Amino acid sequence: MNDDKRKIVCPTCKTVLEVGYFPGIESKSFACPNCKTQHAFTEYLPYVAANWRTARGNASGEDTIPGGQGKANSEDTPIAGGSNSVIGRLQMAGQAGLVTLRQGRNTIGRKADSSDATIQVPDESRKMSRVHFVIDVTCKPGKGVFHTVSLAPGKKNASFLNGEPMEADDRFVLMDGDTLRVAGVKLTFVLPDEEGTL
């Protein structure tokens with residue numbers, strides 16, 4: 001018997017549901033018991049607790065949330081005082097220092113004069129696209145701050161999260177220490193501690 005339980009959030013009424021997870025649930029649909037709206041499992045949002053340390057325990061690299069453009073909506077609120085203390089950073093392999101993500105949409109791509117990426121990464125192999133990864137940083141009232149990663153639209157070279165291939169429609173919740181890789185470029189996601197230090 002599978003005792004794996006997952007907390008998910010209805011995208012319509014924002015009710016938190018607890019479901020028994022089993023292989024193949026990603027292809028299933030069911031109605032929210034509160035608003036009665038039918039959704040595919042992949043349309044439900046991952047539950048993120050108010051405290052980000054607790055949220056890391058509830059979110060899993062296997063949880064995906066579909067689509068969404070990372071734009072602020074009525075449920076997104078600015079992080080108190082504009083503080084970056086709960087916003088993650090990226091460590092580029094072979095380079096000193098960390099790049100702080102910003103609230104909202106962050107695009108990561110190969111450093112180039114014609115790149116529109118907000119974070120540009122040196123890539124001599126040129127396997128990384130000029131806009132390759134998208135990391136959305138969202139603050140939800142009562143749920144905390146969470147970071148999700150997806151591939152930018154369009155055909156891409158093989159890309160990996162923690163060594164597992166990423167597909168075009170995948171969207172994953174990032175946790176401390178997760179790694180993104182394309183060819184020879186490796187980025188590590190790092191969360192600060194409670195005082196905002198790493």
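Visitor: What does the chain average for pLDDT?
Guide: This is a predicted model, and the chain averages a pLDDT of 75, with 74% of the residues scoring at least 70. pLDDT is the predictor's confidence in each residue, from 0 to 100.

Visitor: Where is the pLDDT below 50?
Guide: Residues 49-85 have a pLDDT below 50, and this stretch has 80 contacts in the model beyond near neighbours in sequence. A contact means heavy atoms within 4.5 Å. Residues 194-198 also stay under 50, and there the model has 9 contacts beyond four places in sequence.

Visitor: Is C10 buried or exposed?
Guide: C10 is buried, at 0% relative accessibility. Buried means under 20% relative accessible area, exposed over 50%, and partly exposed in between (1.4 Å probe, protein chains only).

Visitor: What about aromatic pairs, how many?
Guide: There is 1 aromatic pair. F30 and Y44 are stacked, at 4.8 Å centre to centre and 10° between the planes. The rule is that rings of Phe, Tyr and Trp (its six-membered ring) pair if their centres lie within 6.5 Å; planes under 30 degrees apart count as stacked, over 60 as edge-to-face and the rest as tilted.

Visitor: Where do those two sit?
Guide: F30 lies in strand β3 (residues 29-31) and Y44 in the loop between β4 (38-40) and β5 (45-46), so the pair ties together parts 14 residues apart in sequence. Helices (H or I, at least four residues) and strands (E, at least two) are DSSP runs, numbered from the N terminus. F30 is partly exposed at 22% relative accessibility, whereas Y44 is buried, at 1%.

Visitor: You mentioned β5. Which sheet is it in?
Guide: β5 belongs to an open sheet of 3 strands in the order β2-β1-β5, with antiparallel pairing. β2 (16-20) and β5 are at the edges with a single partner strand each, so one side of each has no neighbour in the sheet. Two strands pair if DSSP finds at least two bridges between them, and 5 bridges join β1 (residues 5-9) to β2. In one of these, R6 has V19 in β2 as its bridge partner.

Visitor: How covered is β10?
Guide: In β10 (residues 133-140), 8 of its 8 residues are buried. F133, I135, V137 and C139 point one way, and V134, D136, T138 and K140 the other. In a regular strand, side chains alternate between the two faces of the sheet.

Visitor: And which strands pair with β10?
Guide: β8 (residues 104-110) runs antiparallel to β10 over 5 bridges, and R105 is opposite D136. β11 (residues 144-151) is also antiparallel to β10, over 8 bridges, with F133 opposite L151.

Visitor: Last one: what does F160 touch?
Guide: Not counting residues up to four places away in sequence, F160 touches P165, M166, T179, L180 and R181. F160 is in strand β12 (residues 159-161) and is buried, at 17% relative accessibility.

Key:
Residues are numbered from 1 along each chain as its sequence is written. Side-chain values use heavy atoms; hydrogens and water are left out.
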